[in-house]
Amino acid sequence: MGTGTRPVIGAAGIQFAKGHGTGNDFVVIPDLDASIELTAAQVAAICDRHNGIGADGIMRVVHAAKHPEAHDQADSAEWFMDYRNADGSIAEMCGNGVRVFTRYLLETGLSSGSAVPVATRAGLRTVDVVGDDLRVDMSPARFLGTEHATLAGRAYEGTHVSMGNPHLVVHVTEDELAALELFREPQVDPAVFPNKANIEFICPTPTGVRMRVYERGVGETLSCGTGACAAGAVGLGGGQGTATVDVPGGRLTVTVDERTLWLSGPAVMVAEGRFHLR
Ligand SMILES: N[C@@H](CCC[C@H](N)C(=O)O)C(=O)O
């Protein structure tokens with residue numbers, strides 16, 4: 001795995017688990033004492049779907065007190081979600097990731113109870129167990145005005161939304177949604193999005209919206225939790241209520257109340273093992 005990457009571990013290899021939320025899949029690496037340093041090239045090698053394990057991103061599970069970006073949250077959360085996109089870039093937040101991360105904590109006994117606080121780069125998030133689903137308090141969507149993306153020579157107007165990470169939500173028709181060439185990366189104005197953005201294309205359904213997404217640092221994915229939050233909030237017109245968000249990998253539900261925005265849906269672990277970096 002990962003030609004050109006440096007070995008950072010002994011012969012026993014690195015322990016990992018794999019999980020997904022509506023098809024948005026992640027490699028989870030328990031690194032409780034923050035001893036594993038992964039370069040961007042190594043993350044990309046792990047996430048490679050042909051030569052690696054394959055995933056949309058990886059999450060290191062680290063004691064919040066032991067990570068410089070999270071020790072200020074250590075009084076409230078024991079664990080920090082160190083999230084990296086499949087290309088190795090760092091992201092502030094991941095809505096499906098934080099739910100899969102919590103499933104991992106619960107299944108391994110690193111956390112227990114029905115409400116699990118998780119430290120993230122976007123701040124503290126609490127994940128509740130609700131039946132088979134995991135529901136996370138994502139904090140309110142922040143609406144930041146009208147911006148544009150260009151895809152296959154066409155300019156699309158959309159709503160700039162922050163969920164801790166940057167999003168642009170674009171309305172299209174159902175036929176346009178099906179025809180989008182999302183094997184290409186939509187281009188955004190670097191003056192507005194200096195670190196790029198996740199782009200959600202949506203059309204209305206009877207109970208919410210249907211969405212396809214191009215994730216920053218990944219490509220088109222089967223789902224994106226923060227993208228669903230941004231899309232649901234736009235679908236609700238900035239008001240309160242509940243919207244289903246249908247993605248290629250399944251269904252997520254977004255609820256906006258007077259205080260916050262909730263994201264609910266399935267999060268499952270599917271495998272565990274060890275890997276080596278050469
Ligand atoms: N899949 C995620 C979002 C992951 C981060 C995103 N690609 C970014 O760079 O902001 C989700 O479920 O929210």
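Reply: A residue is buried if 20 or more other C-beta atoms, placed from the backbone, lie within 10 Å of its own, exposed if 12 or fewer, and partly exposed in between. In helix H2 (95-108), the buried residues are Gly 95, Asn 96, Gly 97, Val 98, Arg 99, Val 100, Phe 101, Thr 102, Arg 103, Tyr 104 and Leu 105. Helices are DSSP runs of H or I with at least four residues, and strands are runs of E with at least two, numbered from the N terminus. This is a predicted model: local features need pLDDT of at least 70, side-chain atom pairs count only at pLDDT 80 or more, and totals for chains, interfaces and linings use all residues. Residues are numbered from 1 along each chain as its sequence is written.

Me: Why is H2 largely enclosed by the rest of the structure?

Reply: Because 11 of its 14 residues are buried.

Me: Which helix gives the most to the shell around the ligand?

Reply: A residue is near a molecule if its C-beta atom, placed from the backbone, lies within 6 Å of it. Here 18 residues surround the ligand, and Asn 96 is among the closest. H2 gives the most to this shell, with three residues.

Me: Where does Asn 165 lie, and is Asn 165 buried or exposed?

Reply: Asn 165 is in the loop between strand S9 (154-162) and strand S10 (166-171). Asn 165 counts as buried because it has 23 C-beta neighbours inside 10 Å. Asn 165 is also one of the closest residues to the ligand.
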